[in-house]
Amino acid sequence: FRRVLFRSQRAAEGEQAEAAPAQNLDAVTARILGKAIELYNMGDFAGARAALAELNFEKLSPYERARVEQLLAGMAFSEGKYAEAREHLELAIASGGLNTQELSSNRFQVAQAYMGEENWALAAATLESWLETAVNPNSSAYYMLAAAYYQQGAEATGAAATRLFDQALPPAMKAVELAENPQESWIQ
């Protein structure tokens, strides 16, 4: 379920996920979550949310809670509701039901949500923090960081703008270095 909804950056690169604690769903939760996922995959987000409303959130295990929050985040992302998606991702992280790889993936998605919200400063800070622990981040992650600094610089003036543009250059260069075929806009 997790990999279907949100392919993490490392999973996309073929790495194996580490086992999360207690990866079990009880029968009722599994049935409801399965129904919600089916509706989600059909694009019926209202139906998926209605199915999830049948769950008693207070009784969910950390693993179950993480899966529900990830599904809710996926729906919010699909609807362009980045702040809501970010909130659900943060709840999934806080649940204690994610393995190391999933935690990293969710933190990266939080940064993507900040980018969607055009909150460049928090996007950059989140990406910087994520890059400290990420295993083999790809060129796109560095490009996102460069874009976040560049956008901040575009909104700033004087010395602050210059400093932010200067901060954009190293991750942009790293993005081009890591990319097999860098996009022309990255090089520019």
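**Exercise 1.** Which residues in helix 7 are buried?

*Solution.* The model is predicted: local features need pLDDT of at least 70, side-chain atom pairs count only at pLDDT 80 or more, and totals for chains, interfaces and linings use all residues. Residues are numbered from 1 along each chain as its sequence is written, and side-chain values use heavy atoms, with hydrogens and water left out.

Step 1. Helices (H or I, at least four residues) and strands (E, at least two) are DSSP runs, numbered from the N terminus. Buried means under 20% relative accessible area, exposed over 50%, and partly exposed in between (1.4 Å probe, protein chains only).

Step 2. Read off the residues. The buried ones in helix 7 are Gln101, Glu102, Ser104, Ser105, Asn106, Phe108, Gln109, Val110, Ala111, Ala113, Tyr114 and Met115. This amounts to 12 of 17 residues, and helix 7 is mostly covered.

**Exercise 2.** Describe the surroundings of tyrosine 114.

*Solution.* Step 1. Tyrosine 114 is found in helix 7. Its relative accessible area is 10%, so it is buried.

Step 1. Contact means heavy atoms within 4.5 Å. Leaving aside neighbours within four places in sequence, tyrosine 114 is in contact with Arg86, Glu90, Asn119, Leu122, Ala123 and Thr126.

Step 2. Tyrosine 82 is 32 residues from tyrosine 114 along the chain, and their C-alpha atoms are separated by 7.2 Å.

**Exercise 3.** Which residues of the largest nonpolar core touch the most other members?

*Solution.* Step 1. A nonpolar core is a set of buried Ala, Val, Leu, Ile, Met, Phe, Trp, Tyr and Cys residues joined through side-chain atoms within 4.5 Å.

Step 1. The largest core has 26 residues, and Phe108, Met115, Leu127, Trp130, Leu145 and Tyr149 touch the most other members. Helix 7, helix 8 (120-133), helix 9 (139-155) and helix 10 (158-178) each supply at least two residues of this core. Helix 9 gives the most, with 7 residues.
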